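I hope they are handy as you page through the coordinates.

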Amino acid sequence: MTNRSRPLAVFDLDGTLADSAHRQRFLERRPKDWDAFFAAAPQDPPLAEGVALALEYARECEVLYLTGRPERCREDTAAWIAAQDLPEGRILMRRDDDRRPARRTKLEKLRALARGREVRVLVDDDALVCDDARRAGFTVVRARWGAASAALRAAQEREGRT
């Protein structure tokens, strides 16, 4: 079976695979320190439940990482994924200047993926992303094992930053 014929398992990073709690303090400041928030991402501990689920899905699916992190974080993000022994996979990121809500950007990318492949599952911690994806007909697993702050939820929805 070629990679192209395998279904996709789509995983979010922050709050799903990566424990970003230690850097959420940068979003609680006024003004928010986005540079420090993203610069601290390489130190995120992995979330064991999310990693185990990614490894489980990798047996039958191609794992793809769909994150709201900006494109400028690609190198650090790819290094973090490799360091956690997560399955290899494409990483879809937000354009550096894209400030739309995560639920819009992620649903747009999911729909584009589904035009050419079966999307077996989306695993994400953002309730709004999960609700919209479910309404659009995708199978969703909501990651409830991370500790997202109110500041991070606001960043995902209102500020289009992660």
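1. The protein chain holds six helices and five strands, where helices (H or I, at least four residues) and strands (E, at least two) are DSSP runs numbered from the N terminus. Along the sequence the pattern reads β-α-α-β-α-β-α-β-α-β-α. Please keep in mind that this is a predicted model, in which local features need pLDDT of at least 70 and side-chain atom pairs count only at pLDDT 80 or more, while totals for chains, interfaces and linings use all residues. Residues are numbered from 1 along each chain as its sequence is written, and side-chain values use heavy atoms, with hydrogens and water left out.

2. Of the 162 residues in the protein chain, 51% count as buried. Here buried means under 20% relative accessible area, exposed over 50%, and partly exposed in between (1.4 Å probe, protein chains only). Taking contact to mean heavy atoms within 4.5 Å, residues 24 or more positions apart supply 71% of the contacts with a separation of 6 or more.

3. Strand β2 deserves a look, starting with V63. V63 has a relative accessible area of 1% and is therefore buried. Beyond neighbours within four places in sequence, V63 is in contact with A9, F11, A54, A58, P87, E88, G89 and R90.

4. T67 also sits in β2, which spans residues 62-70. Because its relative accessibility is 3%, T67 counts as buried. A polar atom of the T67 side chain lies 3.0 Å from the backbone nitrogen of R69. Setting aside neighbours within four places in sequence, the contacts of T67 include D12, L13, I91 and K106.

5. How do helices α4 and α5 meet? Their axes, for α4 (residues 102-114) and α5 (residues 127-135), come within 9 Å and cross at roughly 40 degrees. The axes are lines fitted to C-alpha atoms over the stretch in contact, and angles run from 0 to 180 degrees between N-to-C directions. The two helices are therefore oblique to each other; angles under 35 degrees count as roughly parallel, over 145 as roughly antiparallel, 65 to 115 as roughly perpendicular and the rest as oblique.

6. The contact draws on A102, R103, K106, L107 and L110 of α4, together with L128, V129, D132 and A133 of α5. By class, these residues divide into six nonpolar, no polar and three charged. In this scheme Ala, Val, Leu, Ile, Met, Phe, Trp, Tyr, Cys and Pro count as nonpolar, Asp, Glu, Lys and Arg as charged, and the others, Gly among them, as polar.

7. Within α5, the buried residues are V129, C130, D132 and A133, and they pack against α4, β4 (119-124) and β5 (140-142). At its N-terminal end, α5 is capped by D126, with a side-chain oxygen 2.9 Å from the backbone nitrogen of L128. Just after α5, G137 takes a positive phi of about 100 degrees.

8. Two backbone details are worth checking. The peptide bond from R30 to P31 is cis, with omega near -5 degrees, and P31 lies in the loop between β1 (8-11) and α1 (34-39). D85, a residue other than glycine, has a positive phi near 60 degrees; D85 belongs to the loop between α3 (74-83) and β3 (91-94). With a relative accessible area of 61%, D85 is exposed.

Notes:
A polar contact is a pair of N or O atoms within 3.5 Å; within protein, one must be able to donate a hydrogen and the other to accept it, and residues adjacent in sequence count only if both atoms are side-chain atoms.
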